[in-house]
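Open the model in your viewer and keep the sequence panel beside it. Each stop below says what to select and what is there.

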Amino acid sequence: MANSSVSNGILVLLGLGLAAALGLPTRSHAADTLTLEEALAQAVEGNQAVRNSRYSVESAEGGLLSTRAIFEPQFTLSGDVNSSLNTQFFGSVPFDQNSSRLSASSGLSGQLATGTSYSATASYTRNDAEQIDFRSITTGNPDVIDSFSNRPQIRLGLTQEVLRGHRYAYNRRQIVEAQTSLTVAELQLKAQEQRTLRDAASAYWAWWSASESADIARERVSVAEEALRIGALQLEEGRVAPVDVSRLRTEVVRAKKALADAEQLAAESRDTLLVLIGRQPGEAVSTQDDVVPSLPAPPSPEAAMEAARNGNPDLVVLRQQVDQAAISLSMAKHALLPSLTLDGSATFSQVTNKVGDEDPTDANNRNLQGTATLTVPLGNRSARGEVARAAATEAQRRNELEGRERDVLAQVAKQARVLAIAEQQITLADQEVALAEETLKAEEARANVGRAVQRDVLEARVAVFDAKLQAAKARSDRQLAWIELQLLQGTLTVQSAVGK
């Protein structure tokens with residue numbers, strides 16, 4: 001009888017071992033394998049938030065290009081032609097008078113970042129007309145003779161701010177603000193790309209963990225079904241009690257329920273990742289091989305915090321905004337000064353007149369002018385209010401930076417500690433799997449000699465599957481901790497996320 005029990009025990013062990021060997025269904029090979037590196041690359045290209053950030057950069061580039069136009073010179077060119085025929089009277093004597101006028105002008109004007117406005121204008125005017133020859137008045141039939149005049153002219157003008165507006169930075173403040181907006185947009189794009197990489201990597205490892213759980217659940221179902229088949233045979237032979245078979249059936253039901261939940265979670269995790277990287281949910285894809293990439297040694301909390309202080313995307317953006325707020329405050333204080341402008345202009349022209357057969361006569365003209373204008377706003381509440389607003393904004397930005405820096409450094413220190421013990425957690429989880437498997441073998445051996453009940457074997461078997469789930473989760477948690485730490489430090493890239 002003892003030999004029969006031992007034989008049956010060996011049969012059970014062989015059957016369960018075969019079921020375990022056959023019951024390790026890997027992920028469907030018919031599905032295309034989606035590696036972590038491929039998923040991250042597609043996330044950066046296909047993610048909607050990243051695309052919107054790129055559009056923001058393009059918009060900021062357009063804004064910068066537009067503001068730079070304030071120092072571009074303006075060129076003008078105009079011309080005018082006029083011709084007329086009029087009947088005039090000299091006393092009671094009518095006569096026809098033809099006249100024409102031609103004028104053209106061109107100019108160049110603009111302003112400099114030094115607070116200087118300049119203009120240069122060149123013009124030319126020619127008048128042709130008919131007039132009475134007064135020498136022929138005595139004849140009673142006055143003659144009409146031709147006359148013309150032309151006038152080339154050059155005018156130069158210069159205006160200089162002496163007090164408010166003489167600073168180079170003050171006059172370029174719109175460009176500086178546009179440059180800052182572009183810099184912030186570029187930094188926000190980089191931050192969004194890193195957040196997208198973090199989200200995609202987190203979704204990928206959540207999918208990997210769920211897929212591992214589904215594989216372990218399939219193994220559990222296969223083992224439970226094989227145990228039930230052998231238990232049913234033993235019940236027919238009268239070697240086990242009906243309650244033992246009932247426990248085996250209960251285990252099959254629980255295993256199938258766990259498998260259904262695991263497969264549902266795996267499908268949801270897969271679709272979450274696919275949507276995140278810009279693909280259609282429901283695609284037939286599988287995760288990469290079960291081998292989790294190795295990672296560099298975790299940094300100390302101090303080293304991690306120092307790296308995050310200099311590289312964290314949020315802190316970099318806030319520092320840029322603090323710098324811009326400080327510049328705005330300085331410019332607002334400069335605007336408290338009154339306006340004192342010095343204007344100077346010089347006009348040079350030459351007039352040429354010719355009447356009939358007379359020799360043309362020339363005249364050179366020159367006009368120089370200089371003015372000074374002082375403008376003092378009484379009360380100056382507008383400028384003083386702007387200073388108060390800029391000072392409050394600058395203080396607010398600094399306060400936000402200080403608070404955010406403390407939060408980031410605390411998160412980094414925590415994440416560095418989590419990563420430091422992640423490897424230990426994996427080692428402990430693997431040891432727990434090994435110990436659970438040893439316990440299962442011992443319980444099965446005791447059951448074979450009648451020293452343990454089927455319930456103890458089932459509990460030991462479930463403990464093995466639970467330990468395997470915890471081991472898979474520990475590996476996934478380590479990858480997530482590494483990725484989150486890189487994001488906080490501002491060093492997350494596709495290559496670093498995959499451990500290269």
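## First stop: Trp205

Trp205 is buried, because its relative accessibility is 0% (buried means under 20% relative accessible area, exposed over 50%, partly exposed in between, with a 1.4 Å probe and protein chains only). This is a predicted model, in which local features need pLDDT of at least 70 and side-chain atom pairs count only at pLDDT 80 or more, while totals for chains, interfaces and linings use all residues. Residues are numbered from 1 along each chain as its sequence is written, and side-chain values use heavy atoms, with hydrogens and water left out.

Trp205 sits in helix α5 (helices, H or I with at least four residues, and strands, E with at least two, are DSSP runs numbered from the N terminus). Now show what surrounds Trp205. Not counting residues up to four places away in sequence, Trp205 touches Leu36, Gln288, Val292, Pro293, Ser476, Gln479, Leu480 and Ile483 (contact means heavy atoms within 4.5 Å). Then select Arg475: 270 residues separate Trp205 and Arg475 along the chain, but their C-alpha atoms are 9.1 Å apart.

## The whole chain

Zoom out. The protein chain has 11 helices and eight strands. Of its 500 residues, 37% are buried. Among contacts in the protein chain with a separation of 6 or more, 78% are between residues 24 or more positions apart. The protein chain exposes about 27,700 Å², and carbon and sulfur atoms supply 54% of that area (accessible areas come from the Shrake-Rupley method with a 1.4 Å probe; for residues, only the protein chains shown count as cover).

## Two helices side by side

Select residues 173-236, which are helix α5, and residues 313-334, which are helix α8. How do their axes cross? They come within 9 Å and cross at roughly 170° (axes are lines fitted to C-alpha atoms, for helices over the stretch in contact, and angles run from 0 to 180 degrees between N-to-C directions). The crossing therefore makes α5 roughly antiparallel to α8 (angles under 35 degrees count as roughly parallel, over 145 as roughly antiparallel, 65 to 115 as roughly perpendicular and the rest as oblique).

Show the side chains where the helices meet. The residues of α5 in contact include Arg173, Val176, Leu187 and Arg195, and those of α8 include Pro313, Asp314, Ile327 and Met331.

## Salt bridges

Side chains of opposite charge can pair when their charged atoms come close. The whole structure has 27 salt bridges (a salt bridge is a side-chain nitrogen of Lys or Arg within 4 Å of a carboxyl oxygen of Asp or Glu).

Select Asp314 and Arg404, whose salt bridge has its closest N and O atoms 2.9 Å apart. This pair links distant parts of the chain, with Asp314 in helix α8 and Arg404 in helix α9 (residues 381-448), 90 residues apart. Asp314 is partly exposed at 27% relative accessibility, and Arg404 is partly exposed at 26%.

Next, select Glu386 and Arg389, which form a salt bridge with 2.6 Å between the closest N and O atoms. Glu386 and Arg389 are separated by about one helical turn, because they are three residues apart in helix α9. Glu386 is partly exposed, with a relative accessible area of 35%, and Arg389 is partly exposed at 45%. Elsewhere, salt bridges that share partners join Arg195, Asp314 and Arg404 into one network.

## Strand β5

Move to residues 143-161, which make up strand β5. Leaving aside neighbours within four places in sequence, Ser149 is in contact with Thr125, Arg126, Asn127, Thr352 and Asn353.

Leu156 also lies in strand β5, but it counts as partly exposed, at 42% relative accessibility. Select Leu156 together with Ile154, Phe348 and Leu368: these residues form a nonpolar patch on the surface, with about 380 Å² of accessible area together (patches are made of residues with over 30% relative accessible area and no salt bridge: like charges are joined within 9 Å, nonpolar side chains (Val, Leu, Ile, Met, Phe, Trp, Tyr) within 5 Å).

## Last stop: Asn380

Asn380 lies in the loop between β8 (361-375) and α9. Asn380 is buried, with a relative accessible area of 16%. Most residues other than glycine have a negative phi. The phi of Asn380 is near 50°, a positive value.
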